[in-house]
Amino acid sequence: MIPSVMHAMCLMGHGGVEQLVYKSDVPVPTPNVDEVLVQVTATAKNNTDRKAREGLYPVGSSDEVTSFQMGGSPTLTFPRIQGADIVGRIIAVGHQVSSSRIGERGLLDFNLYPDHRPDLNLMPDYYGHGADGGYAEYVAVKAEQFYHIPNDELSDAELASMGMCSYQTAYHMLTAAKVVSGERVLVSGASGGVGTALIQLCRIIGAIPYAVSQLSKGEMLMKLGAEEVIDRGDLNTFVERTLAKTKGKPIDAVMDLVGGEMTDRFIDTMIQDMHQRKTYPRLSIAGASGGNISQMMWTKIYLYQVQIFGVSHGTQEEAAQLMKWIRGGQLKPVLHSAFKLSELHQAEAFFVSRNQQFLGKIVIVPDSQWDIHGKPYANPSQ
Ligand SMILES: NC(=O)c1ccc[n+]([C@@H]2O[C@H](COP(=O)([O-])OP(=O)(O)OC[C@H]3O[C@@H](n4cnc5c(N)ncnc54)[C@H](OP(=O)(O)O)[C@@H]3O)[C@@H](O)[C@H]2O)c1
């Protein structure tokens with residue numbers, strides 16, 4: 001029996017965590033003809049939850065409190081249920097969807113695609129922003145974007161930690177820069193959701209990932225597949241320390257999630273000796289955890305022909321490929337811990353003040369699913 005109301009964490013407006021209100025009387029959505037109704041068991045947290053809540057997606061002046069707009073209109077309206085990387089089970093289907101899908105355990109491709117072009121996604125909007133997401137007991141999503149992942153070896157929380165917000169973004173960073181087998185790739189923000197995905201994806205395509213992180217996380221990153229770990233601490237010596245790790249060979253492409261003052265140094269690791277290069281220097285940027293503004297000389301960019309790619313999300317083809325790799329066991333979950341949905345405020349606080357050893361993802365589990373799907377991974381602070 002599907003209930004008529006559910007528990008959900010509703011975002012009531014831009015601002016602090018007080019804007020996240022836990023409610024017990026939110027109507028359970030009815031799936032449209034091409035949708036499925038999913039009983040949520042785990043939803044991974046992403047930086048975008050906080051950024052969208054705080055209105056930190058300015059495209060005009062840096063002090064705007066806003067989220068991005070599509071066609072001149074905001075798609076984030078309130079109240080909104082956030083949470084993009086959703087895992088759960090199908091419990092009802094729309095008229096055009098086969099009822100044989102009921103019972104499937106799956107992972108959502110989180111995009112709100114503007115059209116059906118499989119290799120182009122010009123509108124980086126997503127469930128949890130332009131439509132309700134997974135910080136609830138139930139969610140209605142496009143049937144074709146809810147991928148069946150039967151793998152018994154992956155728990156629901158682990159599967160959520162492999163959500164597309166990180167993995168598809170990471171993959172598109174690599175495809176945008178046309179990274180190929182054998183290339184040396186610098187990965188900044190390497191211990192985060194996107195960074196850990198990048199390290200694994202580099203290995204899958206045969207590229208060699210050099211992780212920029214903190215040395216305290218070095219061992220964990222090497223285990224995940226990093227060739228070497230470069231401490232992000234001293235920027236003055238960053239280029240020489242990186243080239244020491246590559247035995248003097250230039251970095252072929254940079255996957256940047258940090259931005260700020262580091263990006264210019266990252267570019268220097270590619271252009272020290274152009275004689276040694278076989279391809280143009282390439283930098284994909286998908287995040288700016290270290291600052292939204294970077295300073296660099298345009299002469300350096302055009303004389304050394306540095307190609308820069310802005311990356312948001314990825315394409316339907318890329319999501320489908322990632323789901324195949326998950327099913328095939330080539331990608332491994334990097335799950336830190338779980339919080340109850342009713343404790344999302346604590347999860348947010350933990351997320352912004354993570355300790356030196358933090359690696360991977362936080363997942364949020366509805367209280368009604370906690371004992372099975374959350375408790376085994378309970379965050380120690382709970
Ligand atoms: N464009 C998109 O579609 C898209 C999608 C997902 C995420 N993002 C963005 O990509 C970035 C990374 O996302 P994520 O989910 O991987 O984040 P995350 O899990 O929070 O990891 C970010 C990592 O960046 C490093 N870092 C944080 N602050 C830093 C600073 N001030 N200077 C240098 N390094 C710093 C830390 O790694 P170390 O301790 O290892 O250095 C941290 O673990 C975020 O800015 C996020 O908003 C964008």
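This is a predicted model: local features need pLDDT of at least 70, side-chain atom pairs count only at pLDDT 80 or more; totals for chains, interfaces and linings use all residues.
**Entry 1: Y113**

I placed Y113 in the loop between β8 (105-108) and β9. Then I looked up which residues Y113 touches, leaving aside its neighbours within four places in sequence, and got N121 and Q316. I also checked Y113 against Q295: they are 182 residues apart in sequence, and their C-alpha atoms are 33 Å apart in space.

**Entry 2: the whole chain**

Next I stepped back to the chain. I counted eleven helices and 18 strands. Along its principal axes, the C-alpha trace spans about 65 × 45 × 45 Å. I wanted to know how the radius of gyration compares with that of a compact globule. For 382 residues such a globule would have a value near 21 Å, and the chain has 21 Å, which agrees. Of the 382 residues, 46% count as buried. I also looked at contacts between residues at least 6 apart in sequence, and 76% of these join residues at least 24 apart.

**Entry 3: two domains**

I looked up how the chain is divided and noted domain 1 (5-162 + 333-377) and domain 2 (166-310). Their C-alpha centres lie 29 Å apart. Where they meet, ten residues of domain 1 are in contact with eleven residues of domain 2. On the side of domain 1 that touches domain 2, I listed four nonpolar residues, five polar and one charged.

I picked strand β3 (residues 35-44) and found it mostly covered, with nine of its ten residues buried. Then I went through its pairings one by one.

- With strand β7 (residues 85-93), β3 pairs in the antiparallel sense over eight bridges; here I saw Q39 opposite R89.
- With strand β9 (residues 138-142), β3 is also antiparallel, over five bridges; E35 stands opposite K142.
- With strand β18 (residues 361-365), β3 has two bridges, again antiparallel; A44 stands opposite V363.

**Entry 4: a three-strand sheet**

I moved on to an open sheet of three strands, in the order β2-β1-β6, with antiparallel pairing. Which strands stand at the edges? They are β2 (20-27) and β6 (80-81), each with a single partner strand, so one side of each has no neighbour in the sheet. Strand β1 (residues 5-11) is joined to β2 by six antiparallel bridges. Two of the partners I looked up were L11 with L20 and M9 with Y22. I then checked burial in β2: of its eight residues the number buried is zero, so β2 lies largely in the open.

I finished with some backbone angles. Most residues other than glycine have a negative phi, and most peptide bonds are trans.

- F78 and P79 are joined by a cis peptide bond, with omega about -5°; P79 lies in the loop between β5 (73-74) and β6.
- Q305 is not a glycine, yet has a positive phi of about 55°. I found Q305 in the loop between α8 (298-303) and β16 (307-310). It has 12 C-beta neighbours inside 10 Å, so Q305 counts as exposed.
- H313 has a positive phi too, near 60°. This residue sits in the loop between β16 and α9 (316-327). With 24 C-beta neighbours inside 10 Å, H313 counts as buried.

Definitions and conventions
Residues are numbered from 1 along each chain as its sequence is written. Domain bounds come from an automatic or database domain assignment. Two residues are in contact if their C-beta atoms, placed from the backbone, lie within 7 Å. Ala, Val, Leu, Ile, Met, Phe, Trp, Tyr, Cys and Pro count as nonpolar, Asp, Glu, Lys and Arg as charged, and the others, Gly among them, as polar. Helices (H or I, at least four residues) and strands (E, at least two) are DSSP runs, numbered from the N terminus. The radius of gyration is taken over C-alpha atoms; the globule rule is 2.2 Å times the number of residues to the power 0.38. A residue is buried if 20 or more other C-beta atoms lie within 10 Å of its own, exposed if 12 or fewer, and partly exposed in between; C-beta atoms are placed from the backbone. Two strands pair if DSSP finds at least two bridges between them.
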